[in-house]
Amino acid sequence: MLTVEGLSVRYGAVQALDRVSLEVPDQSVVAVLGSNGAGKSTLLRAISGTHRLHKGRIEQGSISYEGQPVHKMNPATTVALGVVQIPEGRRIFGRLTVDENLRTGAMGAKRSAGRGSARDRVFELFPRLLERRTQRAALLSGGEQQMLAIGRALMAHPNLLLMDEPSLGLAPQVVEQIGEIILEINRQGTSVLLVEQNASMALRVADLAYVLDVGTVSLHGSAEELAATDEVQKLYLGHGAGQQSGAPRAPRRSLTQLSRWSG
Ligand SMILES: Nc1ncnc2c1ncn2[C@@H]1O[C@H](COP(=O)(O)OP(=O)(O)OP(=O)(O)O)[C@@H](O)[C@H]1O
Ligand SMILES: [Mg+2]
């Protein structure tokens, strides 16, 4: 469905991605893991065409979606094709109500028909949003705001959903719910490219996974294979030799979340 080949992206003097290749098969969930600054958001921006808004430039490589080259398209065109990004930091409109936020998500969608059914789908996935539909988004909890950000993206009828760290800053139970929601969205026929630092959640829901290390792909394979590698165990799942010997763990978000998760 999506093929990224030899993609290099630069912001002025900063090389953010260096010849990255990646595939998202039809109907799949693909996770991209990597620590701060690895280039995860840059990868999603390049796919959605929003890198230019951040002064990023594709130096080489290509991105094709269902056989069409998309790396020269503008963001509106990619949305119309069904590639929809949920940016980092759950951008929602705080002063608008839940309903109004959802309506903004439908703008630029590939079909304006079916807006009502998209809204029904969102409220089915997130009954909390239905209860709060007339409330201003700024008053929602962090988890509800993330649900609204996902809901807005679903209003555009995505075939491929690009999610940038949906678990960021959320309590473990809410992260678990977000994982379930991703699986349900996928079961309903939408492919998902999921960027995460929370490796335990991402590898649980993903079919395939990639590890980005300072702009290059250092590992890739099935989520199961990757979860079993030493690198992922040590760096992302906190099951390294150091931990077994009682050494202090590095202060990573994913580790603290895993300690309550690893049942
Ligand atoms: N607009 C920008 N201008 C200049 N450099 C940037 C810009 N955006 C990102 N970078 C740099 O590009 C590299 C990759 O950044 P990116 O935001 O893609 O990483 P990330 O993996 O998403 O990190 P995080 O987990 O912190 O969100 C970093 O070195 C970052 O400092
Ligand atoms: Mg990022």
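Colleague: Start with T97. Buried or exposed?
Modeller: T97 is buried, with a relative accessible area of 16%. Keep in mind that this is a predicted model.

Colleague: Where is T97 found?
Modeller: In the loop between β6 and α3.

Colleague: And what is T97 in contact with, leaving aside its neighbours within four places in sequence?
Modeller: R133, T134, Q135, R136 and A137.

Colleague: What about G94, where is that found?
Modeller: G94 also belongs to the loop between β6 and α3. Its relative accessibility is 26%, so G94 counts as partly exposed. Buried would need a value under 20%.

Colleague: Which residues does G94 contact, beyond those within four places in sequence?
Modeller: R136, A137 and A138. The C-alpha atoms of G94 and A137 are separated by 4.7 Å. Along the chain these two are 43 residues apart.

Colleague: Switching to the metal. What coordinates the magnesium ion?
Modeller: S41 through OG and E88 through OE, at 2.0 to 2.4 Å. S41 lies in helix α1, residues 40-48, while E88 sits in the loop between β6 and α3, so the pair ties together parts that are 47 residues apart in sequence.

Colleague: Is S41 buried or exposed?
Modeller: S41 is buried, at 11% relative accessible area. E88 is partly exposed, at 28%.

Colleague: OK, β6 keeps coming up. What sheet is it in?
Modeller: An open one of 6 strands, in the order β6-β7-β8-β3-β9-β10. The pairing is mixed. β6 and β10 (216-222) stand at the edges with a single partner strand each, so one side of each has no neighbour in the sheet. On average, neighbouring strands are turned by 15 degrees against each other, direction ignored.

Colleague: How many bridges join β6 to β7?
Modeller: 4, and the two strands run parallel. β7 covers residues 160-164. Q85 stands opposite L162 in β7, and V83 stands opposite L160.

Colleague: What packs on this sheet?
Modeller: α1 does, touching β3, β6, β7, β8 and β9. The direction of α1 makes about 150 degrees with that of β7. Then there is helix α6, residues 142-154, which lies across β6 and β7. It runs at about 165 degrees to β6.

Colleague: Which residues of β6 are buried, and on which side?
Modeller: V83 and Q85 are buried on one side, V84 and I86 on the other. Both faces of β6 are covered.

Colleague: How many bridges between β4 and β5?
Modeller: 2, in the antiparallel sense. β4 spans residues 57-65. S64 stands opposite P69 in β5.

Colleague: Which residues in α7 are buried?
Modeller: P172, V175, I178, G179, I181, I182, I185 and N186. Residues three or four places apart in an α-helix point the same way, because there are 3.6 residues a turn.

Colleague: What happens just after α7?
Modeller: G189 takes a positive phi of about 110 degrees.

Colleague: Last one, the overall numbers. How many helices and strands?
Modeller: 12 helices and 10 strands. The protein has 263 residues, and 51% of them count as buried. It exposes about 11800 Å², with carbon and sulfur atoms supplying 50% of that.

Colleague: What share of the contacts is between residues 24 or more positions apart?
Modeller: 67%, out of the contacts with a separation of 6 or more.

Terms used
Residues numbered from 1 in each chain as written. Chains lettered and ligands numbered in written order. Predicted model: local features only at pLDDT ≥ 70, side-chain atom pairs only at ≥ 80, totals over all residues. Heavy atoms only, no water. Buried < 20%, exposed > 50% of the residue type's maximum accessible area, 1.4 Å probe, protein only. Contact = heavy atoms within 4.5 Å. Areas by Shrake-Rupley, 256 points an atom, 1.4 Å probe, with all protein chains shown as cover. Donors = N, O, S within 2.8 Å, 3.2 Å for Na, K, Ca; no water. Pairing = 2+ DSSP bridges. Axes fitted to C-alpha atoms, helices over the stretch in contact; angles between N-to-C directions.
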